[in-house]
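Please examine the sequence and the structure shown below.

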Amino acid sequence: MLKYKKILLAFGLLLMVVLLMDYFYPVSIGWYIGILIAAVGMLAYGSISIRSGFYGRVICSFDSGDKVMALTFDDGPDELVTPQVLDLLKREHIKAAFFCVGSRILTYPALIERMDREGHIIGNHSFSHHFFFDLFSVKRMEEELMKTEKLVERIIHKKIQLFRPPYGVTNPLLARALQKMNYSVIGWTVKSKDTVIRDEQKLYDRLTGKTGNGGIILFHDTRPHLVPVLDKFIKYARENEYRFERLDKILQIAAYE
Ligand SMILES: [Zn+2]
């Protein structure tokens with residue numbers, strides 16, 4: 001049973017106990033409001049915290065025993081930034097994972113081909129990356145994932161198996177959409193916050209301060225200021241004896257069917 005169902009069950013039982021108490025000794029309405037707020041609060045926390053695993057298994061870290069990083073890039077391909085990231089990774093002999101958006105794949109199929117040719121893996125990051133993706137129906141979510149999957153398959157002749165939820169948000173609808181699909185759902189250990197931290201030095205400081213023993217690092221190959229920071233960060237990592245591994249290899253899971 002998924003965690004959120006267990007939580008709902010627990011709150012349901014609690015509500016029944018309070019109702020029973022209320023029957024014999026009238027209790028304040030505050031009890032009911034308190035239970036409702038606690039239930040909604042917990043489920044909302046589960047939605048925005050990708051690590052919670054409330055709505056299914058999400059892989060956010062790995063246990064390697066040494067300093068390893070798996071670089072991952074979301075929201076591309078981007079006409080300007082993705083080629084620069086690919087050039088940098090090629091120069092540094094690093095293989096990464098790109099969680100791509102279907103509508104962008106449609107516009108820049110050659111970049112998907114290049115990612116594959118250069119040894120990177122491609123994951124599903126929805127078709128539209130719509131702001132309200134999490135409110136879409138189960139059917140519409142399934143259609144988004146299928147559409148992106150088919151697009152990638154048409155370009156590189158491989159069926160993708162990795163998915164990262166847009167905005168890192170999970171909920172019961174997405175859980176149901178994923179139930180019928182055979183995806184490994186991927187989160188992150190370290191979020192670079194490159195979409196909000198525009199200052200290169202601040203971004204670099206955050207990365208070097210957060211990496212610890214490494215893990216799955218989340219970037220966005222849509223932000224031009226990322227490229228010089230990534231270059232510097234890779235040098236820092238190497239000087240500090242980190243090594244880079246491709247996500248699927250370190251997790252020992254299949255990127256493609
Ligand atoms: Zn995204």
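The protein chain is divided into domain 1 (3-48) and domain 2 (68-251), with bounds that come from an automatic or database domain assignment. The C-alpha centres of domain 1 and domain 2 lie 38 Å apart. This is a predicted model, in which local features need pLDDT of at least 70 and side-chain atom pairs count only at pLDDT 80 or more, whereas totals for chains, interfaces and linings use all residues. Residues are numbered from 1 along each chain as its sequence is written.

**Nonpolar core**

- The largest nonpolar core has 56 residues, of which L71, A97, F98, I122 and I217 touch the most other members. Such a core is a set of buried Ala, Val, Leu, Ile, Met, Phe, Trp, Tyr and Cys residues joined through C-beta atoms within 7 Å.
- Helix α9 (residues 226-239) gives the most to this core, with 5 residues. Helices (H or I, at least four residues) and strands (E, at least two) are DSSP runs, numbered from the N terminus.
- A residue is termed buried if 20 or more other C-beta atoms lie within 10 Å of its own, exposed if 12 or fewer, and partly exposed in between, with C-beta atoms placed from the backbone.
- Leaving aside neighbours within four places in sequence, F98 is in contact with F73, G76, M115, H120, I122, G123 and D221; contact requires C-beta atoms, placed from the backbone, to lie within 7 Å.

**Strands β2 and β3**

- Strand β2 (residues 97-100) and β3 run parallel and are joined by 4 bridges; strands pair if DSSP finds at least two bridges between them.
- A97 has I121 as its bridge partner in β3.
- From β3, I121 and G123 point one way and I122 and N124 the other way, and all are buried.

**Helix α6**

- The 19 residues of α6 should span 27 Å at 1.5 Å a residue, and the end C-alpha atoms are 27 Å apart, which agrees. The expected span is 1.5 Å times one less than the number of residues.
- Which residues of α6 are buried? They are M141, E144, L145, T148, E149, L151 and V152.
- Seen down the axis of α6, these buried residues fall within an arc of 160 degrees, so they line one face of the helix; the arc is that of the directions from the helix axis to the C-beta atoms.
- Exposed residues K139 and R154 lie on the face of α6 turned away from its buried side.
- The cover over the buried residues of α6 includes α4 (102-107), α5 (109-117), β3, β4 (162-163) and α7 (172-179).

**Helix α7**

- L174, A177 and L178 are the buried residues of α7. Down the axis of α7, they fall within an arc of 95 degrees, so they line one face of the helix.
- What covers them includes α6 and β5 (184-185).

**Backbone exceptions**

- Most residues other than glycine have a negative phi, and most peptide bonds are trans.
- The peptide bond from G76 to P77 is cis, with omega near 0 degrees; P77 is found in the loop between β1 (68-74) and α3 (81-92).
- H129, not a glycine, has a positive phi of about 50 degrees. H129 sits in the loop between β3 (121-124) and α6 (138-156) and is partly exposed, with 17 other C-beta atoms within 10 Å.
- Q252 has a positive phi near 55 degrees. Q252 belongs to the segment after α10 (247-251) and is exposed, with 7 other C-beta atoms within 10 Å.

Notes
Contact = placed C-beta atoms within 7 Å.
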